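Keep the sequence and the model side by side while you work through them.

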Amino acid sequence: MKRVLVTGGLGFIGTSLVPKLHGRFGAEIRILDNMSNPSGDLVIADGIEVVEADVRDAAAVRKAVKGMDAVVHLAAHTRVIDSIEDPQLNFDINTTGTFNVLEAMRQEDVPSLVNASTGGAILGEVPPPINEDIAAKPASPYGASKLAGEGYCWAYAQSYGLKAASLRFSNIYGPNSRRKSSVVAAFIKNIRDTGAVTVYGDGTQTRDYLFVDDLTDGIVRAIETGAAGTYQLGFGKPTSVNTLIDIIREATGTNFSVTYEPARAGEILHTYCDIAKARGAIGYNPTTELDEGVRRTWDWFETSGHA
Ligand SMILES: NC(=O)c1ccc[n+]([C@@H]2O[C@H](COP(=O)([O-])OP(=O)(O)OC[C@H]3O[C@@H](n4cnc5c(N)ncnc54)[C@H](O)[C@@H]3O)[C@@H](O)[C@H]2O)c1
């Protein structure tokens, strides 16, 4: 049985990942989370321990890492727009936080890390599909902090033999996203609350939307296969925001109004991933089409409500 520390394990992605690691694969889980943005939906079963602490606190991170076989590092300051408003806070949580996790692992001889990274925000505006070999030119402090985290993962692998996989998530959506402001969750909440959504830009911008269950299957595969290096985890298809709106209308049978506002700084126009490397190396295989995933997310909001 593996003992796995999941930082940020109470958040949106952690809430899908932790039961999977615990239930399907029998892992004992310790979560380190500062409770700043918990989903509120994770059931804390026997064999799941929660430590309330901050990744900026090196001593607390070292204590939490002690005795683990692997770490999944999800805790982060996750919003591009917030990072533009407060780049120092973003640096402290994301870059120093990731450094603290790696340094604690070195000190406590914990061999294996899965580090949550990001695709588009790291690379900046490049012709899609994006792959792992494209030179990174982040368009926001968030992207820069994630790139720095990846850099430290490489350095700790080379210098200390730690096995680290940085998984570059695309745009993740799905159940347990009531606290998220990413586009699918924001649209669904706005439709339910006001019958209206706001698009920043003309809606032709494209993203690679990936259902959370497919992502967390990929994270589990990365742990099982002992993956190292950098992998794009997306669905592998571009969808414009205008097409997403059509899909939401169709999948949910609702009608709503759409307002267009100027595009926001730091957000890239077009991105989607080439996922061939992850498919080949870790057996990553996302299967949930966007219409099905949107329906399942909508149904989750219908039954669970949102704050
Ligand atoms: N959701 C996406 O579309 C997406 C895309 C690319 C990358 N990612 C990355 O995946 C990871 C998880 O994202 P998520 O969507 O689940 O975010 P989330 O905000 O739902 O979850 C993050 C969790 O980390 C905790 N946290 C935040 N700051 C912390 C700190 N300083 N110390 C300890 N805990 C802290 C929060 O309380 C929360 O429970 C992040 O690293 C994020 O950058 C997410």
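**Exercise 1.** Which side chain meets arginine 62 in a salt bridge?

*Solution.* Before starting, note that this is a predicted model, where local features need pLDDT of at least 70, side-chain atom pairs count only at pLDDT 80 or more, and totals for chains, interfaces and linings use all residues. Residues are numbered from 1 along each chain as its sequence is written, and side-chain values use heavy atoms, with hydrogens and water left out.

Step 1: a salt bridge needs a side-chain nitrogen of Lys or Arg within 4 Å of a carboxyl oxygen of Asp or Glu.
Step 2: the partner is glutamate 108, at 2.6 Å from N to O.
Step 3: arginine 62 lies in helix α2 and glutamate 108 in helix α4 (residues 87–108), 46 residues apart. Helices here are DSSP runs of H or I with at least four residues, strands are runs of E with at least two, and both are numbered from the N terminus.

**Exercise 2.** Is glutamate 108 buried or exposed?

*Solution.* Step 1: buried means under 20% relative accessible area, exposed over 50%, and partly exposed in between (1.4 Å probe, protein chains only).
Step 1: glutamate 108 has 17%, so it is buried.
Step 2: arginine 62, at 34%, is partly exposed.
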